[in-house]
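Here are a few notes to go with the model, starting with a pocket and moving on to some backbone details. Have the viewer open as you read.

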Amino acid sequence: MLSTQVSFADANEAKYKSTPALGSIFDGPYLFDQSSNQQTRQAYWICANALLTTALDKGQLHRPSGCGQLPEPTLNPKAKNIAANTFTHVSKIVALSDVHGQFDVLITLLKNQKIIDEYNNWAYGTGHMVMTGDMFDRGHQVNEVLWFMYKLDKQASDAGGKLHLLMGNHEQMVMRGDLRYVNERYHTAERLLERSYDELYDKTSEIGQWLRSKHTIVKINDSLFLHGGISGEWVDRKLTLDKANQIYRANIDKSKAEIKSDDLLNFLFLGEGPTWFRGYFEDDYQESEIDRILAYFDVKHIVVGHTSQTRVLGLFHNKVLAVDSSIKNGKSGELLLITPNGDQDTLTRGLYDGSRVTL
């Protein structure tokens, strides 16, 4: 186990302060259900610290004049559909994690690795892309990341591929109103829209509804993907993916006090649960425990984010694949490419400059 590669930057998190100097804020769009007539919905934009609105135009949002380069999304009527959580015979997979509002780094990485094209559109064909959580908090371009993923979700499906957007601990924190790590630039939207940050993504919002349809854990071919990690307690409780993903969706809006009062919810959402667990990166963690978990799910790899690295890293003979490459720092990042190759997957690090290195 290459424990020297591990950084526990998240272990004692402090409020993120690395933000471009605040001046004129451009943010949005924010879209909420306001009436039964979807075509009368208004999108809200923050343009140079002023709140502006535009009408939904046949499912298309248009930013106001002079409002920078904010996203102009096309709404997806299938955005809230709940997908399967197990997939087989997928020809290629790419995974990354913990973007934390670093839109520019994300786009550069995906372009250089040919996952998207020069226009930021899906270019990965029938492949599957997995984002293992934590788009929210810290960084200053969270909304840009969210709307980009919303667009890519539809484009991937249209191409016969799939985007798997998994819930991390920071998605869960925001949805239950734990706003300790929200970038200060979003205070402008809170003030002008008269909503707390979590209410910008509540059940009435387009992005909030889309996120609430997503899984926390998926199995693709012979790999399990999630944010933090699966502990042995999961196996002891005999949990299934179907049950756990349903529980996550049904309880995502409960307060921390409500979650802690229920034994199963407390495990799933907090402590040693799948969105918080860091045990694989402890020096005394045993490979035999990994083998027990792999056997339970009938997989060869567990792919996780959450615990920051300087690169994509393989642990325990590549049984654990760590993909939090510190994109959150806003400087660079990596992704993991998995290509089935008979009984042995080909595992590759996709570097920020577009080059690739066998893991």
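1. Let's begin with the second largest pocket: 19 residues line it, and Lys-78, Asp-153, Ser-157, Lys-162 and Lys-214 are the ones nearest its centre. Keep in mind that this is a predicted model. The volume of the pocket comes out at about 280 Å³.

2. Which elements each supply at least two residues of that lining? They include helix H2 (142-158) and strand S7 (162-165). Sorted by class, the lining of the second largest pocket holds seven nonpolar, six polar and six charged residues.

3. On to the backbone. The peptide bond running from Gly-28 to Pro-29 is cis, and its omega is near 0°. Pro-29 sits in strand S1, which covers residues 26-31.

4. Have a look at Lys-58 too: not a glycine, yet its phi is positive, about 50°. You'll find Lys-58 in the loop between strand S3 (50-55) and strand S4 (86-87). Is the residue buried or exposed? Lys-58 has a relative accessible area of 76%, so it counts as exposed, the cut-off being over 50%.

5. His-89 is another non-glycine residue with a positive phi, this one near 55°. His-89 belongs to the loop between S4 and strand S5 (93-96). Its relative accessibility is 79%, so His-89 is classed as exposed.

Conventions:
Residues are numbered from 1 along each chain as its sequence is written. This is a predicted model: local features need pLDDT of at least 70, side-chain atom pairs count only at pLDDT 80 or more; totals for chains, interfaces and linings use all residues. Side-chain values use heavy atoms; hydrogens and water are left out. On a 1 Å grid over the protein atoms alone, a cavity is a set of points where a 1.4 Å probe fits but cannot get out, and a pocket is an open set with protein on both sides within 12 Å along at least five of seven lines; lining residues have an atom within 4 Å of a point. Grid points are joined across faces, edges and corners, and a volume is the space filled by probe spheres set on the points. Helices (H or I, at least four residues) and strands (E, at least two) are DSSP runs, numbered from the N terminus. Ala, Val, Leu, Ile, Met, Phe, Trp, Tyr, Cys and Pro count as nonpolar, Asp, Glu, Lys and Arg as charged, and the others, Gly among them, as polar. Buried means under 20% relative accessible area, exposed over 50%, partly exposed in between (1.4 Å probe, protein chains only).
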